[in-house]
Amino acid sequence: MWFAATPATVSSRVAGVVDSAPSDPLVLGGLVAAVLVLGLGGWVGLKRLRRTDGEKFLRAIRKNDAVSILLHPNPDPDAMASGMAVAQLCRHAGVDATLQFPGEIRHQENRAFRTVLDLEAEHIETAADLAGDAVVLVDHNTPRGFQGSQGVEPYAVVDHHPGNGTGTAFTDIRTDYGACATIFAEYFDELDASVGNGNGDGVSLPPRTATGMVYGIQSDTNHLTKGCSSAEFSASSYLYPGVNEDLLDRIANPQVPREVLKTKAKAIHEVDVDGPFGVCDLGAIPNVDAIPQAADELMHLEGVSAVVVYGEKDGTIHMSGRSRDDRLHMGEALRTVVADIPMAEAGGHARMGGGQISKDHMEGLGPSKGVSRDQFKQRLFDALAGERQ
């Protein structure tokens, strides 16, 4: 078949055409030219099909002078690690890269990650703050969290969350993966990167980036115990030679603010349990980052297989859910709970989900009738039990 041709097979086919062609020189020349065009064209096409995702991503990046690497609002270690990976590939490609994010970096784990690894990332408030026309989204697939985000058309998207966002030049969304950093680890492997040091003109993966990527994978998979695929274990093994264990330990063991510990204690004391499910309304809270930590803590309760914790700050109710119940998809369950509440959003993976709701809209502002706090809690229990569609 012509599409499977190589330079050697093209040469042999040209010889075959010459042997069997008419003696007219013009006809013979035309036949030889056609064979060369078809054969070499097929060979080039085959090479393109054989390019790895890492090669495709690097080729797409190289077409720009500068890119904005956009993290999701309030970026976590997986998002920041993925941003570091893109920045490293941009350095290899000779492309200026700027890490940017909306929201805040608040969680003590996230702050430790940024500080220990000396991560340079700019805060943005509007689309005009983006550093380049080419925007690369990592760990999310739709721009959000800043003014004008709806009008931003990403150049490239690399993510492991469900969603319909795409890039104009490159898209790689793997919802069966536990972390976005895993995808980038595969890119470096496909590009034959030197892990832990430089290798001349080739792609390198320095210790700081490798350490960040390992911790990003650990953070998003609860230390390789939740929401993993085999790819996370393979990626961790690949990255291990480049890990700086001292940096990894400093990120993994940050000091915890007193308010976070008090919120965890409140969740443990006030959680309502119905069968295998637990729901806790924390009321007004000083630190929203304590909510997912409280949810993680409640998963240690004996007999409980799924929990949802929520609390209010500055007029917004924040939810975080965790599950080890195979009958339950946490992201879908939370989505059903807020489906009829205006200005609410929720979703996530089977084992982990979250969401945000405007308190005013939940109480009746807009076209909905409103939901009381007690009704909302019952909705959550019904969703966990599979009684809401």
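Me: Quick one to start: which residue does D281 stand opposite in β11?
Reply: D281 stands opposite Y310 in β11. Keep in mind that we are looking at a predicted model.

Me: Thanks! And how do β10 and β11 pair, parallel or antiparallel?
Reply: They pair in the parallel sense, and the pairing of β10 (residues 277-284) with β11 (residues 306-313) runs over six bridges.

Me: What's the strand order in the sheet they belong to?
Reply: The order is β9-β10-β11-β12-β14-β13, in an open sheet of six strands with mixed pairing.

Me: Which strands stand at the edges, then?
Reply: Those are β9 (272-274) and β13 (345-348). Each has a single partner strand, so one side of each is left without a neighbour in the sheet.

Me: How many degrees are neighbouring strands turned against each other?
Reply: On average 15 degrees in this sheet, with direction ignored.

Me: Which helix lies across β9 and β10?
Reply: Helix α10 does. It covers residues 258-270 and runs at about 130 degrees to β10.

Me: What does V304 touch, if we skip residues up to four places away in sequence?
Reply: V304 touches V273, P276, G278, L298, M299 and R324. L298 is also one of the buried residues of α11.

Me: Changing topic: at what angle do α3 and α4 pack?
Reply: The angle is about 65 degrees, and the axes are 10 Å apart. Helix α3 spans residues 53-62 and helix α4 spans residues 77-93.

Me: Left-handed or right-handed crossing?
Reply: The crossing of α3 and α4 is right-handed.

Me: Which residues meet there?
Reply: From α3 you have F57, L58, I61 and R62, and they meet V86, L89, C90, H92 and A93 in α4. By class, that contact has seven nonpolar residues, one polar and one charged.

Me: Nice. Where is P75 found?
Reply: P75 is in the loop between β1 (66-70) and α4.

Me: Buried or exposed?
Reply: P75 counts as buried, at 0% relative accessibility.

Me: What does P75 touch, leaving out residues up to four places away in sequence?
Reply: P75 touches M80, F101, P102, E104, I105 and N110. Taking I105 from that list, P75 and I105 are 30 residues apart in sequence and 6.3 Å apart in space, C-alpha to C-alpha.

Me: I also wanted to ask about H361. Where does it sit?
Reply: H361 is in helix α13, residues 359-362. At 16% relative accessibility it counts as buried, because the cut-off for that is under 20%.

Me: Which side chain does the side chain of H361 make a polar contact with?
Reply: That would be the side chain of S358, at 2.9 Å. Leaving aside neighbours within four places in sequence, H361 is in contact with I341, P342, M343 and S368.

Me: Now backbone angles. What is phi of D192?
Reply: Phi of D192 is near 55 degrees, a positive value in a residue other than glycine. D192 is in the loop between α6 (180-190) and β7 (194-195), and it is exposed, with a relative accessible area of 62%.

Me: And phi of L224?
Reply: Phi of L224 is near 65 degrees, a positive value too. L224 is in the loop between α7 (207-220) and α8 (230-239), and is partly exposed at 23% relative accessible area.

Me: Last one, the big picture: how many helices and strands are in the chain?
Reply: There are 14 helices and 14 strands. The chain has 389 residues, of which 50% count as buried.

Definitions and conventions: Residues numbered from 1 in each chain as written. Predicted model: local features only at pLDDT ≥ 70, side-chain atom pairs only at ≥ 80, totals over all residues. Heavy atoms only, no water. Axes fitted to C-alpha atoms, helices over the stretch in contact; angles between N-to-C directions. Helix = DSSP H or I, 4+ residues; strand = E, 2+ residues; numbered from the N terminus. Left-handed = near helix turned anticlockwise from the far one by under 90°. Contact = heavy atoms within 4.5 Å. Nonpolar A, V, L, I, M, F, W, Y, C, P; charged D, E, K, R; others polar. Pairing = 2+ DSSP bridges. Buried < 20%, exposed > 50% of the residue type's maximum accessible area, 1.4 Å probe, protein only. Polar contact = N/O pair within 3.5 Å; in protein donor to acceptor, adjacent residues only side chain to side chain.
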